[in-house]
Amino acid sequence: MQQDNKFDPEIFKQAAQAMAANMTQAGAEKAQSDKVMTNLREQVDTAATITCDDCGCHVFENSFVLKRISPITSPTGEEMVVPVQIFACTSCHGVNKEFLPAHVISDVNKTDKNGIPTY
Ligand SMILES: [Zn+2]
């Protein structure tokens with residue numbers, strides 16, 4: 001039987017301890033993460049549901065407003081198209097003000113839904 005004189009059992013012990021500590025920590029982190037997810041799920045279940053300002057529907061879809069940044073102000077010196085994600089009602093396609101403040105689209109939205117000019 002060949003004996004490895006370089007083998008140091010202390011190194012093996014240290015590695016085993018490090019692995020055990022790691023596994024305990026991972027287990028604790030997973031338990032903490034599970035707890036956070038359960039709390040979050042409970043909070044989401046009982047949270048207020050956002051509805052459409054116009055028709056009351058509670059289902060929304062992803063939509064985008066595209067903003068064009070001129071080459072003069074663009075950080076790259078080239079024209080940029082920047083998508084701004086918003087949520088639109090699946091029923092009437094209305095977009096709640098909280099998802100799209102009027103000042104963001106002031107260049108296209110000159111009147112509100114009642115036809116009153118917005119400045
Ligand atoms: Zn709607």
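This is a short tour of the model, one selection at a time.

**Whole chain**

Start with everything shown. The model is predicted. Colour it by pLDDT: the protein chain has a mean of 86, and 88% of its residues reach 70 or more. Where pLDDT is low, the predicted coordinates should not be read in detail. Now switch to a cartoon view. The protein chain holds 1 helix and 2 strands, and from the N terminus on they run α-β-β. Of the 119 residues in the chain, 2% are buried. Among contacts between residues at least 6 apart in sequence, 44% join residues at least 24 apart.

**Select residues 9–46**

This is helix H1, with 38 residues. From its first C-alpha to its last, H1 reaches 56 Å. That is close to the 56 Å expected at 1.5 Å a residue. Is H1 mostly in the open or buried? The number of buried residues among its 38 is 0, so H1 lies largely in the open. Within the protein chain, confidence is lowest in H1, at a mean of 87, and highest in strand S1, at 94.

Residues 60–69 are strand S1. None of its 10 residues is buried, so S1 lies largely in the open. Residues 80–89 are strand S2. How do S1 and S2 pair? They run in the antiparallel sense, over 10 bridges. For one example, pick Phe64: its bridge partner in S2 is Gln85. As you step along a strand, keep one rule in mind. In a regular strand the side chains alternate between the two faces of the sheet.

**Select Val65**

Stay in S1, where Val65 lies. Val65 has 15 other C-beta atoms within 10 Å, so it is partly exposed; a buried residue would need 20 or more. Which residues does Val65 touch, leaving aside those up to four places away in sequence? They are Val84, Ile86, Leu100, Val104 and Ile105. Show Val104 and draw a distance. Val65 and Val104 are 39 residues apart in sequence, yet 9.3 Å apart in space, C-alpha to C-alpha.

**Select Ser70**

Move on to the loop between S1 and S2, where Ser70 lies. Ser70 has 9 C-beta neighbours inside 10 Å, so it counts as exposed. Ser70 and Val81 are 11 residues apart in sequence and 8.9 Å apart in space, C-alpha to C-alpha.

**Select His93**

Finish in the segment after S2, where His93 is found. Why is His93 classed as exposed? It has 12 other C-beta atoms within 10 Å, and exposed residues are those with 12 or fewer.

Technical notes: Residues are numbered from 1 along each chain as its sequence is written. This is a predicted model: local features need pLDDT of at least 70, side-chain atom pairs count only at pLDDT 80 or more; totals for chains, interfaces and linings use all residues. Helices (H or I, at least four residues) and strands (E, at least two) are DSSP runs, numbered from the N terminus. The expected span of a helix is 1.5 Å times one less than its number of residues. Two residues are in contact if their C-beta atoms, placed from the backbone, lie within 7 Å. pLDDT is the predictor's confidence in each residue, from 0 to 100. Two strands pair if DSSP finds at least two bridges between them.
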